[in-house]
Amino acid sequence: MLLQPKSGTTALEAALRNHAQFQVGGTPRWKHLNYCEFKEIFGDYFERQGCEIFGVMRDPIDTMISWYRFRARDELLETRPQMSTKDRTFDEFVTGWSEKKGPAFSHYRRPSEFYRAADGSVAPITYYRYESLPALVDVLSEKIGKTLKLPVKNQSPPMEIEYDWDRLRAIPKMQAEYDFYNALPLR
């Protein structure tokens with residue numbers, strides 16, 4: 001399983017922890033290897049072992065909202081204030097994200113970058129929608145022979161966000177995210 005941030009995969013990782021024969025984790029850098037990094041390190045080892053590689057995709061705007069909310073946590077303002085959105089509006093976050101070199105608080109690895117192969121094609125793995133996590137949990141439960149329960153992990157602080165969603169969808173960078181998202185064979 002590739003653990004794309006803000007897609008429920010930390011909860012999946014926790015649920016699978018005691019059932020995995022092999023784990024890559026520790027720091028966020030190792031835990032959240034993208035497809036290219038994963039292939040560079042492991043090649044086709046797991047495929048040769050008969051393993052199926054899974055990924056979870058979240059709606060691009062929902063992903064953006066989750067990042068904004070996650071970075072609004074009090075502890076981030078204390079430990080890494082340049083990454084905090086605590087005193088930033090969602091519009092500032094969107095504006096920074098849409099710029100080529102926007103402020104640090106607005107940057108995150110986009111799903112379309114996370115799940116790309118080295119040649120630019122879509123990574124050939126099995127994809128599930130974020131909304132379909134229960135179906136993925138069922139598949140994984142069947143594979144390990146035990147019912148998995150997802151714990152709550154990395155939950156962002158609740159907040160209402162009002163925005164012109166059509167304006168956000170019209171940003172070329174967001175259009176590219178939706179083109180990628182809509183082209184995936186999502187379950």
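**Figure legends: fold and salt bridges of a predicted model**

**Figure 1. Contacts and overall form of the chain.** Residues 24 or more positions apart make up 71% of the contacts (heavy atoms within 4.5 Å) in the chain with a separation of 6 or more. This is a predicted model, in which local features need pLDDT of at least 70 and side-chain atom pairs count only at pLDDT 80 or more, while totals for chains, interfaces and linings use all residues. Residues are numbered from 1 along each chain as its sequence is written, and side-chain values use heavy atoms, with hydrogens and water left out. The chain holds eleven helices and two strands; helices (H or I, at least four residues) and strands (E, at least two) are DSSP runs, numbered from the N terminus. From the N terminus on, their order is α-α-α-α-β-α-α-α-α-β-α-α-α. The C-alpha trace spans about 45 × 35 × 30 Å along its principal axes. Of the 187 residues, 45% count as buried; buried means under 20% relative accessible area, exposed over 50%, and partly exposed in between (1.4 Å probe, protein chains only).

**Figure 2. The salt bridge between Lys31 and Glu13.** A salt bridge is a side-chain nitrogen of Lys or Arg within 4 Å of a carboxyl oxygen of Asp or Glu. Between the side chains of Lys31 and Glu13, the N to O distance is 3.5 Å. This pair links distant parts of the chain, with Lys31 in helix 2 (residues 28-31) and Glu13 in helix 1 (residues 9-16), 18 residues apart. Lys31 counts as buried at 15% relative accessibility, and Glu13 is buried with a relative accessible area of 14%.

**Figure 3. The salt bridge between Lys39 and Glu47.** In this pair, the closest N and O atoms of Lys39 and Glu47 are 2.8 Å apart. Lys39 is partly exposed, with a relative accessible area of 22%. Glu47 is also partly exposed, at 32%.

**Figure 4. The salt bridge between Asp74 and Lys86.** Here the closest N and O atoms of Asp74 and Lys86 lie 2.6 Å apart. The pair joins distant parts of the chain: Asp74 belongs to helix 6 (residues 74-79), and Lys86 to the loop between helix 6 and helix 7 (90-98), twelve residues apart. Asp74 is partly exposed, with a relative accessible area of 42%, and Lys86 is partly exposed at 38%.

Figure 5. A search of the whole structure finds 14 salt bridges.
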